[in-house]
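Trainee: Could we go through this structure together, one question at a time? I would like to see how each answer is reached.

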Amino acid sequence: NLPGTMALWGVLFLLVVELLCHTSAVSSVYCSDVGKIVNRWQHENGSLTYWYWSFWAEMWRKPHMQVNDAKIYGDGKARHGLLLTPSREDELLFWTQNYPTEHQLDTDFPDEVYTLQYSIPGHSQRFHQTFSIYHATPRMHYGPPVHLTLHQAGKPVTPSGLRPHSALTVSWNRFSNGAADPHHICPDSIFVSLEDPHRNLIVESGTPFVPGKPLLTYKNTSFVIPGHYLEPAKKFIIRVEFAKFDTNKANGEPGMGVFSSCTYLNITTSTRNHL
């Protein structure tokens, strides 16, 4: 039956084209994450104070790949969709205002399942990824407050008057509720960055699924900032984040619902190379 055979081959051809288009679309994105974060400042004497709470949605594109009209949907202020805009070369980001209390954040962005929708040039369909944001579940809680200690040349140092051009080891307390991922996608992770006083990024640890830098997991307890970044008589900000993940995959793309605990610390280098 030639007509029937041709019809069958036509259907198979369309399925293959759809699969190839779908694979091409998925390959445009490394991963996406949506979450809530509590931020603290660490003072010179080591004490911590609350700074703010926030909600974000983030998508990491592969180099030179385009993603259009990426929006996060949910209850509260996300009911009608909130647009992700370019933040870095390959990152799309939505970040809320800074909330002074957790209650105010949860009022505008309640715990629930959020959905990220986006499109890719050349594809008619919208792609979807869901993220579970429930900190009452057994696995999902904010990590412990992050306390930082600093060492240069094996000796403890204070945040002010650091030795310029000398490697700085940033250490932190144990990520006590960090754990392996039961879905075997990505373990709870730690993110470290060095920024200038205007919050411009200088150096950072790795990002999940983005090649080029090693990812720090809940098992890590330190990170070394190379000395050549620490120029004399300069001010910097160190940022360390404990991230709890609830992972999933949609369209082959990893996604993480996140609850993060983060600490910032101001540091200053001296004018002379001494300890």
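Mentor: Let me begin with the largest pocket: its lining has 15 nonpolar, 6 polar and 9 charged residues. Here Ala, Val, Leu, Ile, Met, Phe, Trp, Tyr, Cys and Pro count as nonpolar, Asp, Glu, Lys and Arg as charged, and the others, Gly among them, as polar. Please keep in mind that this is a predicted model, where local features need pLDDT of at least 70, side-chain atom pairs count only at pLDDT 80 or more, and totals for chains, interfaces and linings use all residues. Residues are numbered from 1 along each chain as its sequence is written, and side-chain values use heavy atoms, with hydrogens and water left out.

Trainee: Which residues are the closest to the centre of the largest pocket?

Mentor: A pocket is found on a 1 Å grid over the protein atoms alone, as an open set of points where a 1.4 Å probe fits, with protein on both sides within 12 Å along at least five of seven lines; lining residues have an atom within 4 Å of a point. About 740 Å³ of space lies in this one, the volume being the space filled by probe spheres set on grid points joined across faces, edges and corners. Elements giving two or more residues to the lining include β1, β2, β16 (235-250) and β17 (253-268). Of the 30 lining residues, the closest to the centre are E58, R88, E91, W95 and R239.

Trainee: How many charged residues are in the lining of the second largest pocket?

Mentor: About 210 Å³ of space lies in that pocket. It is lined by 15 residues, and W60, R88, E204, T207 and V210 lie nearest its centre. By class, the lining has 5 nonpolar and 3 polar residues, and the charged ones number 7.

Trainee: How many helices and strands does the protein chain have?

Mentor: Helices (H or I, at least four residues) and strands (E, at least two) are DSSP runs, numbered from the N terminus. By that rule, the secondary structure of the protein chain comes to 2 helices and 17 strands.

Trainee: Is Y134 buried, partly exposed or exposed?

Mentor: Y134 is found in the loop between β8 and β9 (148-152). Leaving aside neighbours within four places in sequence, Y134 is in contact (heavy atoms within 4.5 Å) with D111, E112, V113, M140 and F259. With a relative accessible area of 33%, Y134 is partly exposed.

Trainee: What is the C-alpha to C-alpha distance between T269 and P232?

Mentor: T269 lies in the segment after β17 and counts as buried, at 3% relative accessibility. Leaving aside neighbours within four places in sequence, the contacts of T269 include G161, L230, P232 and F236. T269 and P232 are 37 residues apart in sequence, yet their C-alpha atoms are separated by 5.5 Å.

Trainee: What is the relative accessibility of H184?

Mentor: H184 is found in the loop between β11 and β12. Its phi is near 60°, a positive value in a residue other than glycine. H184 counts as exposed, with a relative accessibility of 74%.

Trainee: In which strand is S171?

Mentor: S171 counts as buried, at 17% relative accessibility. Not counting residues up to four places away in sequence, S171 touches H147, L148, T149, T221 and S222. The place of S171 is in strand β11.

Technical notes: Buried < 20%, exposed > 50% of the residue type's maximum accessible area, 1.4 Å probe, protein only.
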